[in-house]
Amino acid sequence: FNLALRNSFRFIAKPCAINLGIQDSGPHRAQPNAILEKVFTSITKSPDGKRLEGLSKQLDWDVRKIQRWFRHRRNQDKPTTLTKFCESMWRFTFYLSIFFYGIRFLWTVPWFWDTRQCWYNYPFQPLTSRLYYYYILELAFYWSLMFSQFTDIKRKDFLIMFVHHLATIGLITFSYMNNMVRVGTLVLCLHDASDFLLEAAKLANYAKYQRLCDAFFMLFGVVFIVTRLGIYPFWILNTTLFESWELIGPYPSWWLFNGLLITLQILHIIWSYLIIRTAYKALVRGKVSKDDRSDVESSSEEEDVTSNSTKGVFSTSSNGSNRINGHVASGQWTEE
């Protein structure tokens, strides 16, 4: 259902994109060439120096021209800006809606103000309809993200995101089955607090509103670091590690539950480092520039022949077409 809703949302997002001047045009397409196409589809998408030399002799092409062909060929399979805009608009809508739904719901419950309430009378705690739908919506969304990873362009942080989705789905399912839904709602709401800001920055970037994009990204970075490195460990992990131990003792699933939560914290630290590095580059260059999350190769990333290439060694791009989930090249960022 979630995947169907995501696809149908394009009928809303596409007119918005067109009104903002976003065209449904992709990267420059590679010149048709049967030999290079066979190598690309059957052997490798990023040939090494030895193979480049062989292709150069076979086609009587300059090595740099062949490198440029492979770069264009890799890029032409990537989604267009319009497609990315529609996807980000869908995520922005979901994250914003579910965040405000969570805040509105949690504002009226006692465990939002006192985390010890998460463990009183455990496991005999009622499951209300509002709490149930909150959980089901979040679980369905993360399952859709898990499946879409295998159909979307594979990015450099594929493994990190795969682990994140597994940990998230595992936590939602595990906490639901063990009736730990109270603390589960706190974790969900905290994670939704910054995600819609990142999607807003992406939308601004696709629409070429660079200053708005930079502002949203900086705000996202601040909220992300405060919530994931501040509130999460001192509020969430404190209650799951210490308050739960004190109030209900070391229950059988305590180690697994906290292991998953600590896995998320490790991922938070990795992403915070990447965000801080991107913000630093923005301060140095005057705007949010290309960071490590691009999925499009820029022309400046051409594989150059080394000055002393007598052995046929070339300085090829090690990342291929993949960078860390969500950002673009050529002086912009945050594409997904």
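1. Arg-51 touches Val-39, Ile-43 and Thr-44, leaving aside residues up to four places away in sequence; contact here means heavy atoms within 4.5 Å.

2. You will find Arg-51 in helix α4, residues 49-59. Helices (H or I, at least four residues) and strands (E, at least two) are DSSP runs, numbered from the N terminus. Arg-51 is partly exposed, with a relative accessible area of 36%. Buried means under 20% relative accessible area, exposed over 50%, and partly exposed in between (1.4 Å probe, protein chains only).

3. A word on the model: it is predicted, local features need pLDDT of at least 70, side-chain atom pairs count only at pLDDT 80 or more, and totals for chains, interfaces and linings use all residues. Residues are numbered from 1 along each chain as its sequence is written, and side-chain values use heavy atoms, with hydrogens and water left out.

4. Now to Asn-179, in the loop between α8 (158-177) and α9 (181-206). Is Asn-179 buried or exposed? Asn-179 is buried, at a relative accessible area of 16%.

5. Asn-179 touches Tyr-122, Pro-123 and Gln-125, again not counting residues up to four places away in sequence. The Asn-179 side chain reaches the backbone oxygen of Pro-123 at 2.6 Å.

6. For the chain as a whole, there are 11 helices and 2 strands. Of its 336 residues, 53% are buried. Among contacts between residues at least 6 apart in sequence, 79% join residues at least 24 apart.

Definitions and conventions. A polar contact is a pair of N or O atoms within 3.5 Å; within protein, one must be able to donate a hydrogen and the other to accept it, and residues adjacent in sequence count only if both atoms are side-chain atoms.
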